[in-house]
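The stops below are meant to be taken in order.

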Amino acid sequence: MITNRIENIQRVLKQKEEPTAFIVTSECNRRYMTGIETSSGYVIITPENKYFFTDSRYIEFAKNSCGDIYTVELFPKEEAKKYYSDLLRKENIKNIMYEENYILLRSKKHFDTLFEGYTLSESGMAIEKMRRIKDADEIENITKAQIITDKAFEHILKVISQNLNTVTEVDIAAELEYFMRKNGADGIAFDTIAVSGKKSSYPHGEPGNIKLSKGFLTMDFGATYNGYCADMTRTVCIGKPDDKMLAVYNIVKSAQLAALDEIKTGVEGLVVDTAARDIIRGAGYGENFGHGLGHSVGLEIHEEPSFPRSEPEEEKQRRLEHEEKAKIENPEKYKEAQEKKEKNKFILAENIVITVEPGIYIENEFGVRIEDLVVVKKGGCSNLTKSSKNLIEL
């Protein structure tokens, strides 16, 4: 898999008018391109060769792990500028692409000095575009991470039930993280959310050292496995829900099921969002669903692509009227805008891994979110999240 990724980048480089190299500095993309996690290192890929430079902490590990793919060397300690220039001169390299989304200003200034005489250019998110579609190994890792996450949910329900009068939000978050670690996770995908009562209306509320309040308890959490993330949210009820709470929960559940039904290859992401958001809007809670429907997941918890947000009908009509006017007044500019919009459409492709997480949040009352993690397939989607979506009362 690593070899295929390198070859994909080399194909991009070979299409350049002048000989070009690609330097990878971000930790996440470095892991994607090498298969190992290091806090320090450069990957340099040329049309014909590939190098991995790191420091003494990782050199032996890197040689043993990917030395059969990369030329692995220590960072040059002296005359680094000359060292890299000699290396690149072998292939007559003129340009160097770098990761514009990750590089700090001081690092860019360092590169300007280190690679003086070369033209530095942005990569156009070349690696990020590759990462959108997951290969079989990546899907296996994400699946294993989600299995651990589902097991943690089953476990935490028992913990809460047995300690209902004493357990705190912090206890729940800590127990979820501890369980995932003890059951095969190599880490957590993000800071665990566990908020109850009125705090459940905070989409990204932080757990407090407080006992659980009556009403909804929202838990958003995920394990990592071999560096790959899982992500799920379940809202349960401490005690009995009232009629409004039950109605809102079922609206969110219906919205999520409608979105899941739309997911398959070739479908526009906007269609999926509309399926969920229109149900919530139709129930009168459109203003209470402020975040996106879902985001891709992989080595990072938030990756691209994400579902775009659909417009309310009145906003859509205003936009169409504005576009019709623009079409008449400036047809060339209108055409360019339409072409750009078409180019930027999110069309679901096979093996994109993405969350589906509609929610309704009513200020000073409660909130509900239900989130699954799915793999896009030709005939639909494979839902990696197995936990029940029926409202659980504790």
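Predicted model: local features only at pLDDT ≥ 70, side-chain atom pairs only at ≥ 80, totals over all residues.

E300 is partly exposed, at a relative accessible area of 27%. R131 counts as buried because its relative accessibility is 4%, below the 20% cut-off.

Salt bridges with shared partners join R131, K134, E300 and E303 into one network.

Next, select K389 and D372. What is the distance between the closest N and O atoms of this salt bridge? It is 2.4 Å. K389 lies in the segment after β19 (380-383) and D372 in strand β18 (residues 372-377), 17 residues apart. K389 counts as buried at 14% relative accessibility, and D372 counts as buried at 0%.

Move on to K81 and E116, whose side chains meet in a salt bridge of 2.5 Å, N to O. K81 belongs to helix α4 (residues 80-89), and E116 to the loop between α5 (105-114) and β6 (119-122); 35 residues separate them. Is E116 buried or exposed? E116 is exposed, with 53% relative accessible area, whereas K81 is partly exposed at 37%. In the whole structure, a search finds 22 salt bridges.

Now switch to the cartoon view and select β7, β10 and β11. These three strands form an open sheet in the order β7-β10-β11, with antiparallel pairing. β7 (187-188) and β11 (228-229) are the edge strands, each pairing on one side only. Two bridges connect β7 with β10 (residues 223-225). For a residue pair to pick here, I188 stands opposite A223 in β10. Then show helix α7 (residues 136-162), which packs on the sheet and touches β10 and β11. The direction of α7 makes about 145° with that of β10.

The last stop is L293, in the loop between α10 (269-282) and β13 (295-296). L293 is buried, with a relative accessible area of 0%. Leaving aside neighbours within four places in sequence, its contacts include A259, V272, F307 and P358.

Terms used:
Residues numbered from 1 in each chain as written. Heavy atoms only, no water. Pairing = 2+ DSSP bridges. Helix = DSSP H or I, 4+ residues; strand = E, 2+ residues; numbered from the N terminus. Contact = heavy atoms within 4.5 Å. Axes fitted to C-alpha atoms, helices over the stretch in contact; angles between N-to-C directions. Buried < 20%, exposed > 50% of the residue type's maximum accessible area, 1.4 Å probe, protein only. Salt bridge = Lys/Arg side-chain N within 4 Å of Asp/Glu carboxyl O.
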